[in-house]
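Here's a quick walk through the fold, from a few helices down to single side chains. Have the coordinates open while you read.

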Amino acid sequence: MKFSRTVQFNAVPEWSSQYIGYSNLKKLIHSLEADSATRIAVGQYDAERAALIPHNDMHAEYDEVFRRALTTELEKINQFYMAQESTLFAELDTLERDIQDFHTRGAMDGASTSSGSSYLARHQMSDAESGIMPTERHEMLDKNSDSMSLGEFHDEDDLVSEYTDLKITLKKRTIAVYVGLSELRSYVQLNRTGFGKALKKYAKCMGREMAGNYIAEIVETSYPFLESTKANLEKKVGECVSVYAALSTRGDNSQAKMELRVHLREYVVWERNTVWREMAGIEKNVQNIGITNQNLLTSSNPVVDALERKGILSQPIIEISTRFGVIRLPRLIFSSTFLILVIIIAVFVVLLTVPILDSPEQQSCLAILIAASMLWATEVVPLFVTSMLVPLLIVVFRALRSDDEYHNRLSAPDATKVIFSAMWTPVIMLLLGGFSIAAALSKYNIAKVLATWVLSNAGTKPRNVLLTTMFVAMFLSMWISNVASPVLCLSIIQPLLRTQDSNSNFPKSLILGIALASNVGGMASPIASPQNVIALQNMYPNPSWGAWFFIALPVCILSILLIWAFMLVTLNPNKGAIITKIQRNNEPFNRTQVFITAVTLVTIALWCVSHQLESVFGDMGVLAIIPLVVFFGTGLLTKEDFNNFMWTIIMLAMGGIALGRAVSSSGLLDTIAIGIRDIVSGMGLYGVMVVFGSLILIIATFISHTVAALILLPIVAQVGQAMENPHPNLLVMGAALLCSCAMGLPTSGFPNVTAICTVDDTGRPYLTVSMFITRGVPSSALAYVVIITLGYGLMRIVGL
């Protein structure tokens, strides 16, 4: 992993700007390297000017520039470290005095009660008994310790209650100080590594070491990196452990150290879990799931099995002896995936050469459509690679016609202009605007704070906690996508999962409920999932956000209620459930969070009334530029956040748009629509929706929701347009909603993959494939019924 990523992943979020600016130092190194190359080139071709640039002076100049940059970073680190050290050491000193006072007063008052000297022994509680959670780091009880004299109480119950409250508070403070000291120790180590990496990068790019030993002479003589400073920090960490041991583990330092490390690990998981980053990783894993399942190096092919037994497949090249000599072949050609790829290519060639349709551009487009659909469905190559292949094939095989009355076949130059102009649409900008909102809500913990607040009020009844969690997952899916929603929800419910018995059905219900609700939440807003964005691309005119919410929200709510009731009956989450209340974060929103929330709400409000503002903004895609400009322009989001956008989804959508334009332009879409119209000619609008809905539900269950939308929605739109009583927008929106509710298999969508991959502390998965199928398939059927009944009625009311 690159060191810049290491810093990004391991930094304390609140201190992110105080670490060594490794990325900026790399930029400086590359600029110095470029300048050096320019000077050398001048020296080679201009002897007179080269004489004016002494080689040694040039290196000294570069060394001085880079040294100044390093020193600036070092001064920043020194100042920050000393400030943090002073604060933490003062907190530790205060904590030690408070704990000493606590034990002194507790012993005195304990001895004066009827319980006598056994009082303290009876109330030595573990963390679990005290209910301390690492998420409560900043949550302290609003009580003045000076007023906590145990002698003020009139009976032993009051004494016990006050003793317990004060002890919990002191434990929280101890944990908070330990976490802070540990983070400060990590801060020093990470920055020390950063200086070494920067100097190594300088030496590699400039072809020489920087003059002098900067690490030994400058870095290691600075205060944070002195051996005495490190020793003093370790001493304070040890004191913190001893304090915790005296308070919680009856003086057992080893047990105290183990418990504090557990708290530190859980705190890191809770506070530093950047959902957007995890979402990107999961999305990449899901995009490649086809290749994982059909690896090029493994197969059930008998030839491959035989080669494996002989150990041949352990070699990258396979040598086969023949009468004509030794033939060397790459081993991947013996895999089932390669065989599938060959079949797809053969089908493509056959469709190009065997006349099926009268028009050559329709013939070419049919071949491209079927080949792309097979590549997307089998995923023998990554989905976005297929998407990028689509415009290449469209141009090379001339699958486009002119839009005039003559419909002449476009030449390659003209087709290139048309297809690339079609790939960048307002819908793509809408997707980018949604990504920017999701990144900001995730990066600044707004989504987590809101979700935690809701779940903390869910109570302790398993059925209520399950229902609340499902609605939270649905709500989050509306705004940060149904890829990020399950990741965030699973991070929030970790305290619940850890307290459950191994035989309990409650954790299974929670994880499965989050996955199914996240899928359902993919219907809830136009930016909740890629299939909704693709639907907007095929709807003319685009429905307003208000109309979308009017249709989708009742459908989502009723679907979740039915799925929840079904899970209560079939899984019985009450069995063995142990409910630990989710702890809320009582910190008020800071100015940054308020600003981000305000920008998000304003953008959504403008999207909802976009039709009324058409004369000003033209399209809701233009409105999507607002969060992009505001969040990135103010520095709230950085280029790293921009790079973490799910660009594979963008490429997939653009490839689907290109294919849709080709299918429409070539006339193939009209031909297909006429054929389907003849088949469904005896059916009314509702009958067509029921039939198409069943087909889409089945297809989207076995392939990606996005891929199903890419392939089917243009056809659905054309069929709806060709009907005697045309309602293309109704059929397209219904089809898009049905793509989201196809959730019968563990691989049916991002949330399902996240759920099936979730494991407990021992590494065992919570869910089995059979459990997922037996609950997922009926849940899909329930959502399907809701869409073709309630959803259909609401779409007719809106006028789609």
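Let's start with helix 15: 14 of its 19 residues are buried, so the rest of the structure largely encloses this helix. Bear in mind that this is a predicted model. Helix 15 covers residues 360-378 and reaches 27 Å from its first C-alpha to its last, close to the 27 Å expected at 1.5 Å a residue. Just after helix 15 comes Glu-379, with a positive phi of about 55°.

| Helix | Residues | Length | First to last C-alpha | Expected at 1.5 Å a residue |
|---|---|---|---|---|
| Helix 15 | 360-378 | 19 residues | 27 Å | 27 Å |

Where does helix 24 have its kink? Look at Ala-552, where there is a kink of about 25°, shortly before the proline Pro-554.

Zooming out, the protein has 36 helices and two strands. Of its 800 residues, 51% count as buried. Take the contacts with a separation of 6 or more: 78% of them are between residues 24 or more positions apart. The accessible surface comes to about 35,500 Å², and carbon and sulfur atoms hold 60% of that.

Setting aside neighbours within four places in sequence, Trp-545 is in contact with Leu-430, Trp-479, Ser-525, Pro-526, Ile-527, Ile-604, Trp-607, Cys-608 and Met-620.

A few single residues round out the tour. Leu-181 is found in helix 7 (residues 156-206). Buried or exposed? Leu-181 is buried, because its relative accessible area is 0%, under the 20% cut-off. Leaving out residues up to four places away in sequence, Leu-181 touches Leu-88, Phe-89, Leu-233, Lys-236, Val-237 and Cys-240.

Which backbone nitrogen does the side chain of Glu-73 reach? That of Gly-21, at 2.9 Å. Glu-73 sits in helix 4 (residues 55-112) and counts as buried because its relative accessibility is 12%, again under 20%. Neighbours within four places in sequence aside, Glu-73 is in contact with Tyr-19, Ile-20, Gly-21, Leu-25 and Phe-195.

Last stop is Ser-665, which lies in helix 30 (residues 647-665). With a relative accessible area of 10%, Ser-665 is buried as well. Not counting residues up to four places away in sequence, Ser-665 touches Leu-400 and Arg-401.

Conventions: Residues numbered from 1 in each chain as written. Predicted model: local features only at pLDDT ≥ 70, side-chain atom pairs only at ≥ 80, totals over all residues. Heavy atoms only, no water. Contact = heavy atoms within 4.5 Å. Bend = angle between axes of the 7 residues up to and from the residue. Helix = DSSP H or I, 4+ residues; strand = E, 2+ residues; numbered from the N terminus. Buried < 20%, exposed > 50% of the residue type's maximum accessible area, 1.4 Å probe, protein only. Areas by Shrake-Rupley, 256 points an atom, 1.4 Å probe, with all protein chains shown as cover. Polar contact = N/O pair within 3.5 Å; in protein donor to acceptor, adjacent residues only side chain to side chain. Expected span 1.5 Å × (residues − 1).
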